[in-house]
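Morning, everyone. Please bring up the sequence and the structure, and I will walk you through them.

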Amino acid sequence: MIGTEMDEILDRWSSQARKGYFEMLLLARLKAGRAYGYQIVASLKQAPGFENLAEGTVYPVLARMKKDGLVTAEWIAEDTGPPRKYYTVTDLGGRALHAMQEIWRRMDEVLLAQSTKETS
Amino acid sequence: MHLTVEFTTLEARRLWTDFLKRLDWSNRHLAGPEREEANAEAIAHIAEHLAASDLENETDRLREALNRFGVLPAPPPGWRKPLAIGLHYLAIMVIGASGLVILTLLHMTVMEVFNPTSVGLYMYPEDRVLTLSYETQTGARELLGAWFIPTLLSVSALAGAGLYGLWRVALSPDGPVSRWMKP
């Protein structure tokens, strides 16, 4: 298989894999403390695979999470600079994050077990 | 919440105006206050980026911020919506009028069964005008004879298919004209 084909396959796969991970990562970031959009984006860009994240894509996801009751949002005026819309995780969001992490952990365990079987 | 960012150079103002148009268009699915808030949040994001950037040139700072924000779809040209509305109502009239003609043709097809000697397509020898009639036209020649029914059924089917195509393009909610009519 030539390199470009592999790149295309990995691009497609990682874009699918990132979708579920992205929401979990957002919730995990907000669980660590309330944050505004620009701050959230800066944190997310440190995660592998998100270095080139189009920053505008974060906001529709945050809006959907707000609609689902996973986060709340509040505009706060700053002394300097533009007002900031701070997001905070709700109880529901916290529980959803815990459940997501549990599913992710189990998937990882299964994958690891499969890999171990293959090598033994 | 309404936020504004001011720029001094012409190029930066042009980029910013284009971005605002694209932003508003990309949030068009949201209701009024939600749309305004989503726009304000994106503007606040760009403002944060501009304040944090090390670049000296205002236009470069803005260009960098917009590139990182991601490409937003451009709104359609201003003439498209009125054109779509015009096409939509024109299609309603065409489909309505043509539908009546097709119904008449089908009715004549049925009547041909009961009255084959009178119903027909006639042409007068002195002029070249074709006349579809339920009654025998004195002095005119009937052209189709036994082919009247298959001809009218074929014409009706072709016209019906054409009207269906027009409906799909100009009236169906999934068609391009309906999509162009949306704000």
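First, a caveat. This is a predicted model. The predictor gives the complex an ipTM of 0.82. The pTM is 0.67.

Now confidence by chain. Chain A averages a pLDDT of 89. In that chain, 96% of the residues score at least 70.

Chain B has a mean pLDDT of 91. There, 99% of the residues reach 70 or more. Confidence in chain B is lowest in helix α6, residues 176–181, with a mean of 86. It is highest in α5(B), at 95. Keep α5(B) in mind. We will come back to that helix.

On to the folds. Chain A has 120 residues, and 19% of them are buried. Its secondary structure is four helices and three strands. Along the sequence, the order in chain A is α-β-α-α-β-β-α. Take the contacts in chain A between residues at least 6 apart in sequence. Of those, 44% join residues at least 24 apart.

Chain B has 183 residues, with 14% buried. Count six helices and three strands here. The pattern for chain B reads α-α-α-α-β-β-β-α-α. Apply the sequence cut-offs again. Among contacts in chain B between residues at least 6 apart, 57% join residues at least 24 apart.

Now the helix pair in chain B. Helix α4(B) covers residues 80–114. It packs with α5(B) at an angle of about 160°. The axes are 9 Å apart. Parallel or antiparallel? An angle over 145 degrees counts as roughly antiparallel, so α4(B) and α5(B) are roughly antiparallel to each other. The crossing of α4(B) past α5(B) is left-handed. What sits in that contact? The residues of the contact of α4(B) with α5(B) divide into 18 nonpolar, six polar and one charged.

Let me zoom in on one residue, B:V169. You will find B:V169 in helix α5 of chain B, which runs over residues 148–170. Buried, exposed or partly exposed? B:V169 has 14 other C-beta atoms within 10 Å, so this residue is partly exposed. Burial needs 20 or more, and exposed means 12 or fewer.

Which residues does B:V169 touch, leaving aside its neighbours within four places in sequence? The contacts are B:G175, B:P176 and B:V177. Now look at B:L87. B:V169 and B:L87 are 82 residues apart along the chain. Their C-alpha atoms are separated by 9.7 Å.

Last, the contact between the chains. How many residues does each chain give? Chain A gives 14 residues, and chain B gives 15 residues. On the chain A side, the elements that give two or more residues are α2 (37–44), α3 (58–67) and β3 (84–89). That side of chain A divides into seven nonpolar, four polar and three charged residues.

To recap two points. The ipTM is 0.82. In chain B, α4(B) and α5(B) run roughly antiparallel. That is my tour. Over to you for discussion.

How values were computed
Residues numbered from 1 in each chain as written. Chains lettered and ligands numbered in written order. Predicted model: local features only at pLDDT ≥ 70, side-chain atom pairs only at ≥ 80, totals over all residues. Contact = placed C-beta atoms within 7 Å. Nonpolar A, V, L, I, M, F, W, Y, C, P; charged D, E, K, R; others polar. pLDDT = per-residue confidence, 0-100. Axes fitted to C-alpha atoms, helices over the stretch in contact; angles between N-to-C directions. Parallel < 35°, antiparallel > 145°, perpendicular 65-115°, else oblique. Left-handed = near helix turned anticlockwise from the far one by under 90°.
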